[in-house]
Amino acid sequence: MKPIYDILQRELGAAKVLRDEARLETYARDESGLGPYPPEAAVLADSVEEIQLVLRLADEHDVVVVPRGLGTGMTGGALPIHGGIVLSTERMQKIKEISREDLVAVVEPGVITGVLQDAVEAEGLFYPPDPASLAMCSLGGNVAENAGGPRAFKYGVTREYLIGMECVLMGGTRLRPGRRTSKGVTGYDVVGLFCGSEGTFGVTSEITFKLLPKPQGVALLLAVFADPVRAGEAVSAIIRQGYRPRALEFMDRVSIEHVRPKATYPIPEGAGAVVICELDGDADVLDGAVERCAQACDALGAVEVIIAADEAQRRKLWETRRITSPSLRHAHRYKVSEDICVPRSAIAEMLRRVDTIGAQTDLLMATFGHAGDGNLHVNVLTDEDHHDARVAARIQDALGMLFKDTLALRGTLSGEHGIGIAKKKYMPWEQAPELIDLQKKLKRTLDPKNLLNPGKIFPE
Ligand code: MLT
Ligand code: ZN
């Protein structure tokens, strides 16, 4: 074992430098289901100075460092596939500032997304990005993955709100790119470059987010269709009304059947698809807007259209969608959740192709997600042993077909979960060698020895 681990324990104390197998278990996994990949040590940093110390020593000792938020990533971005140190910012949970005047929040990277949302809403403000894991994911992780969520349809993803940051490069250099003003075009957009870099460029120690005023009201409708094609048409019809819903979500029949036993909303029998449309804005125009969207669904032959009567019912109806991913996971021995994104006009064709892929590989497929953005969570499900070579080959075939079809429809491999290790072998399918090369050159400029989160995003 290299001496760096003893040095770190001496400098930071044994409570912050974990080395025993049992405690390292947590840091060997994330929500991707890949691994386990146990690190040699996990350092629980409390400050930017401690992050600098770890990255300086690691550089001196040629040791790999993998940054980690709260481990909710879906593609293995925080997994230490080459061992070394996991550098966790989970203890850095301070909200340093919420300014109503400047409409900004300054936070440490370990703050939980939902905690910031509640804190700013108590001040009459709004931080829109809402990844499904918002009750347990950290803002540092959201920045690393450029996280999205249902509200991205109206409000965009994390990058839209990230205006400034403090980060540390491998070797220990501290940078403060960005700004805290609402506008600013000084120099390159370094903050934009770091956002979504999956922890390969630097470790975030502080984040400045832009905030919005909290919308006055929220209205939600849930529409059930027998025919998924009609549901797709309803998505387009709602958009044609001229309103911009904050979320426009879709669930297919297989997803519905998995959610039905747990949902508090009794989904009608024969439901082939569910569309959820959530609007926000001035209370006086909301009622008319949601009513017109409901009429558009009725005109397309919806089996049932419900407009939430109050906040409690709104939450109940949302729950139908929120529990989709966990319901699929609990019902099957193995689940791979993809997050392809296609142009909205290609959704119906993509759904048809997913059916074909399921039939050809004899695997159960469930599709749900952010229809407004064309961002579909296609889940490959099986109760067979996925370690069995023949089953594994069928799953790989299904994923290969899915990505091929996505790209053929002018889509992209990842709408919100990132590439990590799960999809890196497909990167050359989407991006030209020159583009991949340019990104690798950037990485080498920031981390010449390739010690910070190596082996992610690009094939090695
Ligand atoms: C969601 O939108 O529910 C998640 O991004 C998908 C997932 O957890 O698989
Ligand atoms: Zn999602």
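**Exercise 1. State how the donor residues of the zinc ion (ligand 2) are spaced in sequence, and identify the coordinating atoms.**

Solution. The donor residues of the zinc ion (ligand 2) follow the spacing H-x6-H-x38-E. Donors are N, O and S atoms within 2.8 Å of the metal (3.2 Å for Na, K and Ca); water is not among the atoms, so sites may look incomplete. The model is predicted: local features need pLDDT of at least 70, side-chain atom pairs count only at pLDDT 80 or more, and totals for chains, interfaces and linings use all residues. Side-chain values use heavy atoms, without hydrogens and water, while residues are numbered from 1 along each chain as its sequence is written, and chains are lettered from A and ligands numbered from 1 in the order in which they are written.

The coordinating atoms are NE2 of H370, NE2 of H377 and OE of E416, at 1.7 to 2.2 Å. Both H370 and H377 are buried, where buried means under 20% relative accessible area, exposed over 50%, and partly exposed in between (1.4 Å probe, protein chains only).

**Exercise 2. Describe the surroundings of ligand 1.**

Solution. Begin with the shell: M74, A132, R321, S325, K335, S337, F368, H370, H377, E416 and H417 surround ligand 1. A residue counts as near if one of its heavy atoms lies within 4 Å of the molecule or strand.

Next, sort the shell residues: 3 are nonpolar, 5 polar and 3 charged. Here Ala, Val, Leu, Ile, Met, Phe, Trp, Tyr, Cys and Pro count as nonpolar, Asp, Glu, Lys and Arg as charged, and the others, Gly among them, as polar.

Then consider atom distances. An oxygen atom of ligand 1 lies 2.8 Å from a side-chain N or O atom of S337; for S325 the corresponding distance is 3.1 Å, and for H417 it is 3.1 Å.

Finally, the cover: of the 270 Å² of accessible area that ligand 1 has on its own, the protein covers 91% (Shrake-Rupley method, 1.4 Å probe; for residues, only the protein chains shown count as cover).

**Exercise 3. Determine how many disulfides there are, and examine C137 and C293.**

Solution. A disulfide is a pair of cysteine sulfur atoms within 2.5 Å. By this rule the count is 0. C137 is in no disulfide, and the nearest cysteine sulfur, that of C195, is 13 Å away. C137 is buried, at a relative accessible area of 1%. C293 is likewise in no disulfide; the nearest cysteine sulfur belongs to C277, 4.5 Å away. C293 counts as buried because its relative accessibility is 0%.

How values were computed. A polar contact is a pair of N or O atoms within 3.5 Å; within protein, one must be able to donate a hydrogen and the other to accept it, and residues adjacent in sequence count only if both atoms are side-chain atoms.
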